[in-house]
Amino acid sequence: MKDTVLIADPNDDIREILEEQFSDKYHVLHSTDGFEACNIAMEKKSDLAGMIINIDMPTTNGIDVVTKLAADKAFENIPILVIAQDASLKNEKAAYKAGATDFNKIPFDSSLIKKKMLKYMDLFSVKEQLSEVKKQTVDQGNPSDAPLYKKMHDNMIELIGRIVEMRNPENTI
């Protein structure tokens, strides 16, 4: 079961505020630099329900961390929220290009961050479950059922993908 959230931020106050939001339901891991965040994520990837990563990290910046993690198929069902003090369009585009699920400026309302992340974690969990159903039904099931199950699966994945891709800064989810 995915029961862990990774918070990667060099600022003690931000890590503490975010931990307060997630520690009631999740085990929270911390990182103060990008290199360490990558190592923790790789080591704990089977337990991770979500990650919050600051762009401005020492040793390895948050964009490089997200790029590396997003390139690993093991992270395709783990939402990554990128946060940054410099909420410029350039940083936001870089975050999405790297593979972030969403982008938020600092300062932020921590309760909204929690709501966003919980929605993303639920959506990604459903996506992962659908992929598993596909494997069990299409890959191991009756070959005559395969086209129907594949179409259903693909339609659901596309629908979930559209929901996840809706990144309106005004939308608090």
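**Entry 1: the overall layout.** I'm looking at a predicted model. I counted six helices and five strands in the chain. Read from the N terminus, the elements go β-α-β-α-β-α-β-α-β-α-α. I then checked burial, and 41% of the 173 residues are buried. For the surface I got about 9600 Å² of accessible area, with 52% of that belonging to carbon and sulfur atoms. I also looked at contacts with a separation of 6 or more: 65% of them join residues 24 or more positions apart.

**Entry 2: the sheet.** In what order do the five strands of the open sheet sit? I read it as S2-S1-S3-S4-S5, with parallel pairing. S2 (27-31) and S5 (102-105) are the edge strands, each pairing on one side only. On average, neighbouring strands here are turned by 20° against each other, direction ignored. A reminder to myself: strands in a sheet pair through backbone hydrogen bonds, and the pairing can be parallel or antiparallel.

S4 (residues 80-84) and S5 run parallel and are joined by four bridges. Val 82 has Phe 103 in S5 as its bridge partner.

**Entry 3: helices across the sheet.** H3 (residues 62-70) lies across S3 (48-54) and S4, and runs at about 150° to S3. H4 (residues 89-98) lies across S4 and S5, and its angle to S5 is also about 150°.

Entry 4: Which residues of H4 are buried? I found Asn 91, Glu 92, Ala 95 and Ala 98. Down the helix axis, the buried residues of H4 fall within an arc of 130°, so they line one face. That made me recall the general rule: an α-helix has 3.6 residues a turn, so residues three or four places apart point the same way. The cover over the buried residues of H4 includes H3, S4 and S5. On the other side of H4, I noted Leu 89, Lys 90, Lys 93 and Lys 97 as exposed. After H4 comes Gly 99, with a positive phi near 120°.

**Entry 5: the cores.** How many residues does the largest nonpolar core have? It has 25, and the ones with the most contacts inside it are Met 51, Ile 53, Leu 69 and Val 82.

Leaving out residues up to four places away in sequence, Ile 53 touches Ala 8, Gly 62, Val 65, Val 66, Leu 69, Ile 80, Leu 81, Val 82 and Ile 83. There is also a second, separate core of 16 residues, and Ile 7, Ile 14, Phe 22 and Ile 52 are among them.

Notes. Residues are numbered from 1 along each chain as its sequence is written. This is a predicted model: local features need pLDDT of at least 70, side-chain atom pairs count only at pLDDT 80 or more; totals for chains, interfaces and linings use all residues. Side-chain values use heavy atoms; hydrogens and water are left out. Two strands pair if DSSP finds at least two bridges between them. Helices (H or I, at least four residues) and strands (E, at least two) are DSSP runs, numbered from the N terminus. Axes are lines fitted to C-alpha atoms, for helices over the stretch in contact, and angles run from 0 to 180 degrees between N-to-C directions. Contact means heavy atoms within 4.5 Å. Buried means under 20% relative accessible area, exposed over 50%, partly exposed in between (1.4 Å probe, protein chains only). The arc is that of the directions from the helix axis to the C-beta atoms. Accessible areas come from the Shrake-Rupley method with a 1.4 Å probe; for residues, only the protein chains shown count as cover. A nonpolar core is a set of buried Ala, Val, Leu, Ile, Met, Phe, Trp, Tyr and Cys residues joined through side-chain atoms within 4.5 Å.
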